[in-house]
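Open the model in your viewer and keep the sequence panel beside it. The stops below say what to select and what is there.

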Amino acid sequence: MTERERECLLWAARGKTNEEIGIILSISDSTVKAHLSGVAKKLNTHTKTQTVVEAIKRGMLVPW
């Protein structure tokens, strides 16, 4: 997972929408979506929530 993917996923884990994440990171919400899709593909998940949970389970993300 790239650092930017990790940042997007961390904010998603905190309940932020793609638009909110984009504002926080100064990127477009479509770029956020692309980063989250990249992580989902790597983890073989289908939803944002499933991706966050799987990353936490694998120890790839500490949300707080």
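## Stop 1

Select R4 and E7. They form a salt bridge, with the closest N and O atoms 3.0 Å apart. The term means a side-chain nitrogen of Lys or Arg within 4 Å of a carboxyl oxygen of Asp or Glu. R4 and E7 are 3 residues apart in helix 1, so about one helical turn separates them. Helices here are DSSP runs of H or I with at least four residues, numbered from the N terminus. R4 is partly exposed at 28% relative accessibility. E7 is also partly exposed, at 27%. For these labels, buried means under 20% relative accessible area, exposed means over 50%, and partly exposed lies in between (1.4 Å probe, protein chains only).

Before moving on, note the ground rules. This is a predicted model, in which local features need pLDDT of at least 70 and side-chain atom pairs count only at pLDDT 80 or more, while totals for chains, interfaces and linings use all residues. Residues are numbered from 1 along each chain as its sequence is written, and side-chain values use heavy atoms, with hydrogens and water left out.

## Stop 2: colour by confidence

Colour the chain by pLDDT, the predictor's confidence in each residue, from 0 to 100. The chain averages 95, and 97% of the residues score at least 70. Which element has the highest mean pLDDT, and which the lowest? Helix 2 is highest at 98, and helix 4 is lowest at 95.

## Stop 3: the two sides of helix 2

Select residues 18-25, which make up helix 2. Its buried residues are N18, I21, G22 and L25. Look down the helix axis: these buried residues fall within an arc of 100 degrees, so they line one face of helix 2. The arc is taken from the directions that run from the helix axis to the C-beta atoms.

Now turn to the other side of helix 2. E19 and I23 are exposed there.

What covers the buried residues of helix 2? Show helix 1 (3-13), helix 3 (29-43) and helix 4 (48-57), which are included in the cover. Contact means heavy atoms within 4.5 Å.

## Stop 4: two loop residues with positive phi

S26 sits in the loop between helix 2 and helix 3. Its phi is near 60 degrees, a positive value in a residue other than glycine. S26 counts as exposed, at 66% relative accessibility.

Next, select N44. This residue is in the loop between helix 3 and helix 4. The phi of N44 is near 60 degrees, again positive in a residue other than glycine. At 63% relative accessibility, N44 counts as exposed.

## Stop 5

Select T51, in helix 4. Is T51 buried or exposed? T51 is buried, with a relative accessible area of 2%. Its side chain reaches the backbone oxygen of T47 at 2.8 Å. That is a polar contact: a pair of N or O atoms within 3.5 Å, where, within protein, one must be able to donate a hydrogen and the other to accept it, and residues adjacent in sequence count only if both atoms are side-chain atoms. Leaving out residues up to four places away in sequence, T51 touches L9, V39, A40, L43 and T45.

Move along to A55, which also lies in helix 4. A55 is buried, with a relative accessible area of 0%. Show its neighbours: A55 touches L9, L43, M60 and L61, not counting residues up to four places away in sequence. Then draw a C-alpha to C-alpha distance from A55 to V39. The two are 16 residues apart in sequence and 8.8 Å apart in space.

## Stop 6: a salt-bridge network

E54 forms a salt bridge with K57, the closest N and O atoms being 3.7 Å apart. Both lie in helix 4, 3 residues apart, about one turn of the helix. K57 is exposed, at 64% relative accessibility.

E54 also meets R58 in a salt bridge, at 2.8 Å from N to O. R58 is partly exposed, with a relative accessible area of 45%. Salt bridges that share partners join E54, K57 and R58 into one network.

How many salt bridges does the rule give? The count comes to 4. Among them are R4 with E7 and E54 with K57.
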